[in-house]
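Please examine the sequence and the structure shown below.

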Amino acid sequence: MRRYRQFRRNPIAFLENTKTFGDVVKIPSVNRQPTYIIHHPNVIRSILALDEPKIIKGSSAKVLGLTLGEGLLTSERSKHYRQRRQLQPAFHASMVERACADIIQLTAKHIANWDVRGTFCVSDALLDLTLDIVFEGLFGAEVGKDRALLHEIIECSVEYSANRLMQAIPMPYWMPTPSNQRHRRAVEQLDDILYRLLDNMKDTPERPTLLSHLLHMQDETGQPLPMEEIRDELATFVIGGHETTANLLSWVLYLLSEHPSVTENVRKEVDNVLGPRIPTSADVHHLPYVRQVIRETLRLYPPAWTMLRETTDQLTVENIEIPAGSSLIISPYVVHRDERWFQRADEFIPERFDEANAHQWPRFAYIPFGGGSRTCIGNTFAMAEATLVLAAIVKRYTWHHDKTRFVQPEPSVSLRVDGGLWATFDERAPFYQAL
């Protein structure tokens, strides 16, 4: 119980401290389920890829499923494989390129309207932007009057899920506790918004989007997907897809504020590539240093800071036997900061991701998007989105974060900046106003 309290109090510090006990660390569990913390890339490779048929998400999927249903993030085994196979074409390069046009226009509109007269919470502004990107770029729809309510729903759902995942023995969901009732109400409100979106799409001219792809998909019998399944996929991308990118961009802006020389290199690249114009989808591949900055930020502050799995069969990895019914914890945050794989691991060095150099670390030592069949299906979209948004911000503004506020990670469902990133922005070039 003492270790459980330590984990609840500071989960990142707890996981980091377990490294001193080895690469596979067994810890006592209050619910009698054996728990192992995994630190070695070879063992992570076994869990995420080689021995995947013996692994499920288990209780973590059930917790997230209370909000998301059985979408791609929470479904298991055959259903998950089927969903991934069906959804993959929606994230083809051509589809991502078309979505980039929405990303560029929305970013230009949002950042032009930022109130830069003083210090403001840029994390909140980025959440607002990435919510619009999910709706318009992936769904082909506008958030509209539901914006404020959606932010409340998402915050309630994320907070509820994070608290429940941290509880050793959570209260049954059927019990009418205040937190359960608030969450049920939030899910009902989310359902109302998503089903209304689906109804409205029936009368809207189609263009290739994730949502139009879902509406044309068929199940194993050749019938259209049930609306409930489409709802679950939409909920997954609304809640999972926008917060992770917003948190990533918050950490990028923080790290650049702390490293002026890196910021200057980013600015030179953006100015050289873009000149006086706005970004285009083609620029994603013409901004290699920007992408290095994003990859290095993903190393230091991965939005998916921890991954939870459970074994259904006994595993033998690195001569260690892990029995069936065990809980497994993998922390990309901790693995990414291991000096064995990354020299000067705690330092922000984007050049380590220079593609001209061969990466020296093991494949599963860098896993910001997971691995195996559960690798984030939207990773290409997320990288394009982060690259274009950052290029647009760099082109228009200089900034520095508020140093009176201590910046530290908040390990929620995604890795947030605790209290949000507060910063002051100064305008460089107002060319976006011409749009």
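**Aromatic rings**

The model discussed here is predicted. A pair of aromatic rings is described by the distance of the centres and the angle of the planes. In this structure the count comes to 16 aromatic pairs. One of them joins Y160 and Y173, whose rings are arranged edge-to-face. Y160 belongs to helix α8 (residues 147-166), whereas Y173 lies in the loop between α8 and α9, 13 residues apart from its partner. Y160 is buried because its relative accessible area is 8%, which is under the 20% limit. Y173, at a relative accessible area of 16%, is buried as well.

A stacked pair is formed by W251 and Y301. W251 is part of helix α11 (residues 227-258), and Y301 is in the loop between α13 (288-300) and β5 (307-311); the two are 50 residues apart, so that the pair links distant parts of the chain. Both W251 and Y301 are buried. The geometry of the two pairs is set out here.

| Pair | Arrangement | Centre to centre | Angle between planes |
|---|---|---|---|
| Y160 and Y173 | edge-to-face | 6.1 Å | 65 degrees |
| W251 and Y301 | stacked | 3.9 Å | 0 degrees |

Ring pairs also connect W114, F120, Y397, W399 and F425 into a cluster. Charged side chains meet rings at two further places. The charged end of R299 sits over the ring of F342, at 5.2 Å from the ring centre. Likewise, the charged end of R405 sits over the ring of W422, at 4.1 Å from the ring centre.

T245 is found in helix α11. T245 is buried because its relative accessible area is 4%, under the 20% limit. Not counting residues up to four places away in sequence, T245 touches T130, A382 and E385.

**Helix α9**

Helix α9 has 24 residues, which at 1.5 Å a residue should span 34 Å; the C-alpha atoms at its ends are 35 Å apart, and this agrees. The buried residues of α9 include N180, H183, V187, L190, L194 and M201. Against which helices do the buried residues of α9 pack? They pack against α4 (59-68), α7 (122-139), α8, α10 (210-216) and α11.

**Cysteines**

A disulfide is a covalent bond between the sulfur atoms of two cysteines. A search of the whole structure finds 0 disulfides. C121 takes part in no disulfide, and the nearest cysteine sulfur, that of C156, is 19 Å away. C121 is buried, with a relative accessible area of 10%.

Why is the sulfur of C376 too far from the closest cysteine sulfur for a bond? The closest cysteine sulfur is in C100, at 15 Å, whereas a disulfide requires sulfur atoms within 2.5 Å, and therefore the distance is too far for a bond. C376 counts as partly exposed because its relative accessibility is 34%, between the limits of 20% and 50%.

Conventions
Residues numbered from 1 in each chain as written. Predicted model: local features only at pLDDT ≥ 70, side-chain atom pairs only at ≥ 80, totals over all residues. Heavy atoms only, no water. Phe/Tyr/Trp six-rings, centres within 6.5 Å; stacked < 30°, edge-to-face > 60°. Helix = DSSP H or I, 4+ residues; strand = E, 2+ residues; numbered from the N terminus. Buried < 20%, exposed > 50% of the residue type's maximum accessible area, 1.4 Å probe, protein only. Lys NZ or Arg CZ within 6 Å of the ring centre and 35° of its normal. Expected span 1.5 Å × (residues − 1). Contact = heavy atoms within 4.5 Å.
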